[in-house]
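Biologist: I am new to this structure. Could you take me through it, one question at a time?

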Amino acid sequence: MVESVQQYVKSASFDLSRELRNSGVTYINARGEILKAHTVQATDVNGRKTCYTAETLVIATGGRVRYPNIPGAREKCITSDDLISLAHSPGRTLVVGESGEGLECVGFLSGLGLEVTVLLGSRLLPGFDHKMAKKIENHMLVHSVRFLHHHTLTEVRWVTWLSELLTRR
């Protein structure tokens, strides 16, 4: 399955690039700053700045997943990118975050029959229509996904019921 998912991602990315080129779209991998209407200044990895002017500009932020800046995150967590490359089942999973990418992982894991809990800092899918976000949450609740609302992750550590019991004594 891992190989199939990775092949699909590569294929979809290639197809999208080809389609954009065939449609006359110029792709620029740079940091951009909007200077005025229809004008963007792009700074490439070498620091070179170039201004582009066009009737239509599409800015794709290309966000990358990142680990939270808390103790234990890098050692004990995986990102959504890592998830699709796992050679084994992650088992019971806590998904931290309210983004669309996080919910894709929730749906994927839940669909495989795994126990999934979502930790939400604010609200599900911020920036999206509130009624649609609620419908998605209700659908996931019906399919045994649990939600922890208004929580903040401050540390990640391994805890077993026995060590927790011994620590409390």
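Predicted model: local features only at pLDDT ≥ 70, side-chain atom pairs only at ≥ 80, totals over all residues.

Biologist: Is His-150 buried or exposed?

Modeller: The cut-off for exposed is over 50% relative accessible area. His-150 has 64% relative accessibility, so the residue counts as exposed.

Biologist: What is the phi of His-150?

Modeller: His-150 is not a glycine.

Biologist: Where does His-38 lie, and what is its phi?

Modeller: His-38 is in the loop between β1 (31–36) and β2 (39–43). This residue is partly exposed, at 44% relative accessibility. It is a residue other than glycine, yet its phi is positive, near 70°.

Biologist: Let us step back to the chain. How many helices and strands does it have?

Modeller: Read along the sequence, the pattern is α-β-β-β-α-α-β-α-β-α-β-α. That makes six helices and six strands.

Biologist: What is the radius of gyration of the protein chain?

Modeller: Start with the span of the C-alpha trace along its principal axes, about 65 × 35 × 30 Å. A compact globule of 169 residues would have a radius of gyration near 15 Å. The protein chain has 21 Å.

Biologist: How much of the protein chain counts as buried?

Modeller: The chain exposes about 13,400 Å², and carbon and sulfur atoms supply 55% of that area. Buried means under 20% relative accessible area. Of the 169 residues, the share that counts as buried is 20%.

Biologist: Which strands stand at the edges of the open sheet?

Modeller: The sheet has three strands in the order β4-β5-β6, with parallel pairing. An edge strand has a single partner, so one side of it is left without a neighbour in the sheet. Those strands are β4 (93–96) and β6 (146–148). From one strand to the next, the twist averages 25°.

Biologist: Which residue of β6 is the bridge partner of Thr-117?

Modeller: Strand β5 (residues 116–119) runs parallel to β6, and three bridges join them. For Thr-117, the bridge partner in β6 is Arg-146.

Biologist: At what angle does helix α4 run to β5?

Modeller: Helix α4 covers residues 100–111. It lies across β4 and β5. Its angle to β5 is about 165°.

Biologist: Leaving aside neighbours within four places in sequence, what is Leu-124 in contact with?

Modeller: Leu-124 is another of the core residues with the most contacts inside the core. Beyond those sequence neighbours, its contacts are Glu-98, Leu-103, Ala-133, Glu-137 and Phe-147.

Biologist: Last, Val-2. Which residues does it contact, leaving aside neighbours within four places in sequence?

Modeller: Val-2 belongs to helix α1 (residues 2–22). It is partly exposed, with a relative accessible area of 24%. Its C-alpha atom is separated by 19 Å from that of Arg-92, 90 residues apart along the chain. The residues in contact with Val-2 are Ile-84, Ser-85 and Leu-86.

Terms used: Residues numbered from 1 in each chain as written. Heavy atoms only, no water. Helix = DSSP H or I, 4+ residues; strand = E, 2+ residues; numbered from the N terminus. Buried < 20%, exposed > 50% of the residue type's maximum accessible area, 1.4 Å probe, protein only. Contact = heavy atoms within 4.5 Å. Pairing = 2+ DSSP bridges. Axes fitted to C-alpha atoms, helices over the stretch in contact; angles between N-to-C directions. Core = buried A, V, L, I, M, F, W, Y, C linked by side-chain atoms within 4.5 Å. Rg over C-alpha atoms; globule rule 2.2 N^0.38 Å. Areas by Shrake-Rupley, 256 points an atom, 1.4 Å probe, with all protein chains shown as cover.
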